[in-house]
Amino acid sequence: MQVNMKLAVLAAAVALAACGKKEEAAPPAAAPAAAPAPAPAQEVVVKIGHVGPTSGAIAHLGKDNENGARMAIEELNAAGLTIGGGKAKFELLAEDDAADPKQGTAAAQKLVDAKVNGVIGHLNSGTTIPASQLYNDAGIPQISPSATNPKYTRQGFAGAFRVVADDVHLGGTLGKYAIETLKAKNVAVIDDRTAYGQGVADEFEKGVKAAGGTVVGREFTNDKATDFNAILTTLKAKKPEVVFFGGMDAVAGPMLKQMKQLGIQAKFMGGDGICTSELPKLAGDGMSDEQVYCAEAGGVEGEQKAGMDKFREDFKAKFNADVQVYAPYVYDAVKVMANAMVTAGSADPKVYLPALKASSYNGVTGKIEFDEKGDIKNGALTLMTYKGGARTTIAVIR
């Protein structure tokens, strides 16, 4: 019985031990790994600088240019372009140079410091040329939509381009037109001493002499002047049949008024700086029909005219303003630069520059291709006069 008791106690102990032991659960099966989410497309931010005089006497021209750039930037972003596999986001960095060379170089340095991918501008030759040195030193491509002084693209800068004809073509053609078409024998020349004004006046004078005409007087003023009585009185005594002014519309308008007051009956000629839709307002009653002849450094004809007409309509609808002169050229310059980036697969200036040099782009201003200097090939000129306070095209010539 004692043995049986021991066995019973032992059995009970074993049973109790068994009850206290917990059975470990098997580890759960590992869940299948989720497929990695596709990496979002890298956004490529492209900074395009634009510089023009959005303050001062020719602010209407600077704003016209800047609006052309804004229109192009908005369309590029809406198009959803990709550059090197990344979605491109274009940003416009707009600066005001007030048509002043010193302010122009300050604006250029600001864009260089912002590490823009390219620059469209400046409007005036006098600001474009000094600024181009800064862009060149920084390796930033620059396309001017309106600077016509030949020096700009003759400095040997690899990244300097323009999408309009230069003063050699523009001034020379106007000089020839004064003698051969307007039948003038004696002409007078005035310039505003800016790089643009003096440059186009020099080329006009060469064109007059080459066509057999005589320059009876050469006077100068400045780009902020409002009183021209002294120089106009001097020229009146020399009886010119044509007075040519190398400068901008803000000076040309008051000059026309004073010519009328002094009884000077001569035709008035100028380059693209006076060839604006604003000139009749600035000249007031000092301007009569077919008295003023000018040339825009660009132009389209034939089938291309429909594209330019549509641009002008779209521009008016968007900004409630007529195109002054160069908004379409700014618009095309932005598109040409962006197209080169897409072609090269990079917004890095040193990578897309070769593609920019090799551009062949059909824009609203016509076909854009560059020569070895960066000038547009086969650049056009549009000769114009004014009737009823509006510009009228005489001819597009190349």
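Mentor: Rings of Phe, Tyr and Trp, the last by its six-membered ring, count as a pair if their centres lie within 6.5 Å. In this predicted model, such ring pairs link F311, F315, F319 and Y331 into a cluster. By the same rule the count comes to 7 aromatic pairs. One of them joins F161 and F370, whose ring centres are 4.8 Å apart and whose planes meet at 55°, so the pair is tilted. This pair links distant parts of the chain, 209 residues apart: F161 belongs to strand β6 (residues 160-162), whereas F370 lies in the loop between β13 (366-368) and β14 (381-387). Both F161 and F370 are buried. A further aromatic pair, Y326 with Y329, is edge-to-face, with 5.4 Å from centre to centre and 65° between the planes. Y326 and Y329 are both buried as well.

The charged end of K318 sits over the ring of F319, 5.8 Å from its centre; F319 is one of the residues in the ring cluster. In the other case, the charged end of R193 is placed over the ring of F220, at 4.5 Å from the ring centre.

Around F204, setting aside residues up to four places away in sequence, the contacts are G171, G172, L174, G175, A178, V187, V189, F244 and M269.

Q324 is found in the loop between α10 (304-319) and α11. The relative accessibility of Q324 is 8%, and therefore Q324 counts as buried, the cut-off being under 20%. Beyond its neighbours within four places in sequence, Q324 is in contact with H60, L61, D64, C275, T276, S277, E278 and R391.

G273, for its part, lies in the loop between β10 (267-270) and α9 (279-283). With a relative accessible area of 4%, G273 is buried. Its contacts, leaving aside neighbours within four places in sequence, are Y196, G247, M248 and D249. From G273 to A250 the C-alpha separation is 9.1 Å, across 23 residues of sequence.

These details may be set against the whole protein. Its secondary structure comes to 12 helices and 15 strands, and 51% of the 398 residues count as buried. Of the contacts between residues at least 6 apart in sequence, 69% join residues at least 24 apart; the pairing of F161 with F370 links distant parts of the chain. The accessible surface amounts to about 18,200 Å², with 54% of it belonging to carbon and sulfur atoms.

How values were computed
Residues are numbered from 1 along each chain as its sequence is written. This is a predicted model: local features need pLDDT of at least 70, side-chain atom pairs count only at pLDDT 80 or more; totals for chains, interfaces and linings use all residues. Side-chain values use heavy atoms; hydrogens and water are left out. Rings of Phe, Tyr and Trp (its six-membered ring) pair if their centres lie within 6.5 Å; planes under 30 degrees apart count as stacked, over 60 as edge-to-face and the rest as tilted. Helices (H or I, at least four residues) and strands (E, at least two) are DSSP runs, numbered from the N terminus. Buried means under 20% relative accessible area, exposed over 50%, partly exposed in between (1.4 Å probe, protein chains only). A charge sits over a ring if NZ of Lys or CZ of Arg is within 6 Å of the ring centre and within 35 degrees of the ring normal. Contact means heavy atoms within 4.5 Å. Accessible areas come from the Shrake-Rupley method with a 1.4 Å probe; for residues, only the protein chains shown count as cover.
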